[in-house]
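Work through the exercises below with the sequence and the 3D view open. Try each task before reading its solution.

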Amino acid sequence: MLTCLAAAAPAGASEPAPLHAQPDPVRGGRIVDDRGREVVLRGVNVNAFGEYWQGSAAPPVLPFGARDADRIQGLGWNVVRLILSWSRVEPEPGRYDAGYLTTIARQVGRLRARGIYTILDLHQDAWSATLAARPGEVCAAGKPALGWDGAPAWATLDGGLPRCYTGTRELSPAVQQAWSAFFADAPAAGGVGIQTRYAAMLRHLARRFAREPAVAGIDVMNEPGAIGAPLQAALGPFYARAVAAIRGGERDGRGIRHLVLFEPSVLWSVTSRGPPPRFAADRDIVYAPHLYGGSIGARALPQAAAFATAREEARGFGGAPVLTGEWGGDPARAEPGSDEYFLAHQRLQDRFGISATLWTWKQSCGDPHDVLTQREGAASPTPPWSVFAMDCAAGRNAVAGEHRALVADLRRGWVRAAPGRLAAAAWSPTTRTLTATGVAARRRAGPLEAFFPGRDPRVRVRGLRGVRVVAVRDGG
């Protein structure tokens, strides 16, 4: 047993080692490093390198620099889900932007130097930035759609359908048609199918990062719009193709096998159930539903049932590990007197032993979510959910500082890596105590690594030797 009181973390700047999945249909799958340690990934989404529709004078993203990476390290996090846009990876059919991928590689290196893994997330929302309502478009039903992010214009086959939405952006006829064309592998530029192009893009990306151990894995597609039985059925074959493409790219680059993250339909974020069909894959896959229960739809505390469902659905894929690529909510829910949503969610992450990345680090006043808020006022279903507060008044786009109460909830003790199997871990913010137990550790598996916020912790152990505390920024 390891019991740690008061606060600080071990050497968070150790070089990230290659990660693999260890499936287990009975106890639940785990992520392990190449020494056999169980690794728990906790961190945040960074959208600074995505290509979003611009619907206001403010740019849709904010820069990400060394100070941001330092602060992420100081929070004790060990992973960033880094948003990439297909439209920027492949701006023209078959032409990949080497400069963009070099920029991404530079960020991977920046995070690696701080002991932080990167998940390369092929992000999309409502298919593409190009599907905003046309100038002067009148919607017989619903409202003119905003643009979002994802596919390039050349891969967007909307059939000329209305760019209007009722209730949610995914139900725009143009968006739904674009998804139908993708899953049907409809030919676009040069007569090559859209899905065929996407798979080739994944292969190119995997080859580019084939030898990078600090890349934890590739998230094949954010919240795919597989709405309805035919598209849901097509999601499994698409994932089989995507995994094969990524493995082909890794072989091309003579590199290592990375994790492949696959997600259920976008509807999972609302319903908290509904896995994709089973598909052919190897062991190194991770199930990555978005555990937004209590934030999207009805406001409530997160429920253990949703976490249990994610674990149960992962059993259908050989007992794959679970990582929720997005979770979060209104930062006001961390303020004194609130419902303590963030504390409750993280307790469930510990209880079910899943990895997680918060949505999101910074959100510009020009982000489509903020543009939607400005258009629809307080009734907007998507308030700005980010670690940093923004000043958007009078056309400003200024970072107003961290949400302090939120950061206080997020800065917590946790076990980042453990030899053997991590049996249980829990953090008490009131007593500032981390308690963890594990079994079956092998002597050569490497050290247990835990983070504690603050300084000068007192550590009590049983069955461990050679404990030391290494000071890092804001912890040890």
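## Exercise 1: the disulfides

Cys365 and Cys392 form a disulfide (a pair of cysteine sulfur atoms within 2.5 Å), with their sulfur atoms 2.0 Å apart. The model is predicted: local features need pLDDT of at least 70, side-chain atom pairs count only at pLDDT 80 or more, and totals for chains, interfaces and linings use all residues. Residues are numbered from 1 along each chain as its sequence is written, and side-chain values use heavy atoms, with hydrogens and water left out.

Task: state which parts of the chain the pair Cys365 and Cys392 links, and the handedness of the link.

Solution.
1. Cys365 is in the loop between strand S14 (355-358) and helix H10 (368-376). Helices (H or I, at least four residues) and strands (E, at least two) are DSSP runs, numbered from the N terminus.
2. Cys392 is in the loop between strand S15 (388-391) and strand S16 (398-402), and the two cysteines are 27 residues apart.
3. The angle about the S-S bond is -85°, and the link is left-handed.
4. Cys365 counts as buried because its relative accessibility is 3%, whereas Cys392, at 28%, counts as partly exposed. Buried means under 20% relative accessible area, exposed over 50%, and partly exposed in between (1.4 Å probe, protein chains only).

Task: how many disulfides does the structure hold, and what pattern do they follow?

Solution.
1. The structure holds 2 disulfides.
2. Besides the pair above, a disulfide joins Cys139 to Cys164, S to S 2.0 Å.
3. Cys139 lies in the loop between strand S7 (117-123) and strand S8 (143-144) and Cys164 in strand S9 (residues 164-165), so this pair ties together parts that are 25 residues apart in sequence.
4. Cys139 has 14% relative accessibility and therefore counts as buried; Cys164, at 6%, counts as buried.
5. With bonded cysteines counted along the chain, the pattern is 1-2, 3-4.

## Exercise 2: a helix pair

Task: describe how helix H5 (residues 194-208) and helix H6 (residues 229-252) pack.

Solution.
1. The angle between H5 and H6 is about 35°, and their axes are 7 Å apart. Axes are lines fitted to C-alpha atoms, for helices over the stretch in contact, and angles run from 0 to 180 degrees between N-to-C directions.
2. The residues of H5 that meet H6 include Tyr198, Ala199 and Leu202, and those of H6 include Phe238, Ala242 and Ile246. Contact means heavy atoms within 4.5 Å.
3. By class, the contact of H5 with H6 has 8 nonpolar, 4 polar and 5 charged residues. Ala, Val, Leu, Ile, Met, Phe, Trp, Tyr, Cys and Pro count as nonpolar, Asp, Glu, Lys and Arg as charged, and the others, Gly among them, as polar.

## Exercise 3: the cores

Task: which residues touch the most other members of the largest nonpolar core?

Solution.
1. A nonpolar core is a set of buried Ala, Val, Leu, Ile, Met, Phe, Trp, Tyr and Cys residues joined through side-chain atoms within 4.5 Å.
2. Of the 97 residues in the largest such core, Trp127, Leu202 and Trp361 touch the most other members.
3. H6 gives the largest share of this core, 9 residues.
4. A second, separate core has 16 residues, among them Ile119, Ala216, Leu261 and Ala288.
5. Leaving aside neighbours within four places in sequence, the contacts of Trp127 include Trp86, Val175, Trp179 and Phe182.
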